[in-house]
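Hello,

Here is the structure I promised to hand over. Please open it alongside this note; my findings follow.

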Amino acid sequence: MKLYGYWRSSTSYRLRCALELKGIAYENCPVNLLESAQKDEAFTSRNPFATVPMLETESGDRAQSMAIIEWLDEAYRDKPLLPSGLDHRYIARELAYAIATELHAPLNLPVLKYLKNPLGHDQEEINIWYRHWLAKTLTPVEARLAQLDSGDFLFDAPGFFETVLIPQLYNARRFDFDLTDCPRIVRIESACNALEPFKRAHPDNQPDAH
């Protein structure tokens, strides 16, 4: 497999986490988002969404990170990311999709660029925007984890939810988001970041990191 992604892209990061947790070998193929390489015709002819990540597989090119992760879990049954019980799978999806759908859209790079130009917001105003949306979603995620009495992970081991949570927390810390009121989220973050799959997936450890 070939993973076309960008070192600091949260969606690329979550797919790296999934691949590493499942022990699936892949070649890392950097796509420079700052140079808009994802909009090149050679790339969009394969991925019309003009987004990363894109996963090249024997059965075709895959786009959209959440769909790719679920496809991986169905295609490669070893080391499942989603738990076996129906209710547990629902909970994992509820929390993961809260982050993926409520946070990625308003906080991704094209939106942040648009806020700056042409709308004319300065960086501090953009940082305030970023932290506002983080709080809106991470607060109820923390409350749900408290209801579930979560420990080091959502369930017994890191999986679907953690692959989405950890990259978002990496971005939250870049924007100086205060996680004091999210102790369960921070506990999961700490436990995951101590594991080799998450270390290998970390943005700082990618070939295009700078």
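Asp 122 caps the N-terminal end of H7, with a side-chain oxygen 3.2 Å from the backbone nitrogen of Glu 124. That is a polar contact: N or O atoms within 3.5 Å, where within protein one must be able to donate a hydrogen and the other to accept it, and residues adjacent in sequence count only if both atoms are side-chain atoms.

Before going on, some ground rules. This is a predicted model, in which local features need pLDDT of at least 70 and side-chain atom pairs count only at pLDDT 80 or more, while totals for chains, interfaces and linings use all residues. Residues are numbered from 1 along each chain as its sequence is written, and side-chain values use heavy atoms, with hydrogens and water left out. Helices (H or I, at least four residues) and strands (E, at least two) are DSSP runs, numbered from the N terminus.

Back to H7. The helix covers residues 123-148, 26 residues in total. From first C-alpha to last, H7 reaches 37 Å, close to the 38 Å expected at 1.5 Å a residue. The expected span is 1.5 Å times one less than the number of residues. H7 has a kink of about 25°, centred on Ala 135. The bend is the angle between axes fitted to the seven residues ending at a residue and the seven starting there.

Which residues of H7 are buried? They are Ile 126, Asn 127, Tyr 130, Leu 134, Thr 137, Leu 138, Val 141, Glu 142 and Leu 145. Buried means under 20% relative accessible area, exposed over 50%, and partly exposed in between (1.4 Å probe, protein chains only). The cover over these residues includes helices H4 (86-102), H5 (104-107), H6 (109-116), H8 (160-174) and H9 (183-193). Contact here means heavy atoms within 4.5 Å.

Just after H7, Asp 149 takes a positive phi of about 55°.

**Salt bridges**

The structure holds 11 salt bridges. Each is a side-chain nitrogen of Lys or Arg within 4 Å of a carboxyl oxygen of Asp or Glu.

One involves H7 itself. Glu 94 pairs with Arg 144, the closest N and O atoms being 2.8 Å apart. This pair links distant parts of the chain: Glu 94 sits in helix H4 and Arg 144 in helix H7, 50 residues apart. Both are partly exposed, Glu 94 at 23% and Arg 144 at 30%.

Asp 149 lies in the loop between H7 and H8 and Arg 184 in helix H9, so the pair ties together parts 35 residues apart in sequence. Asp 149 is exposed, at 57%, whereas Arg 184 is partly exposed, at 23%.

Elsewhere, Glu 56 and Arg 46 form a salt bridge (2.8 Å, N to O). Glu 56 is in strand S3 (residues 54-57), and Arg 46 is in the loop between helix H2 (41-44) and S3, 10 residues apart. Glu 56 is partly exposed at 25%; Arg 46 is partly exposed at 31%.

**Cysteines**

How many disulfides does the structure hold? The count is 0, with a disulfide taken as a pair of cysteine sulfur atoms within 2.5 Å. For Cys 17, the nearest cysteine sulfur is that of Cys 192, 8.0 Å away. Cys 17 is buried, at 1% relative accessible area. For Cys 182, the nearest cysteine sulfur is also that of Cys 192, 15 Å away. Cys 182 is buried too, at 4%.

Best wishes
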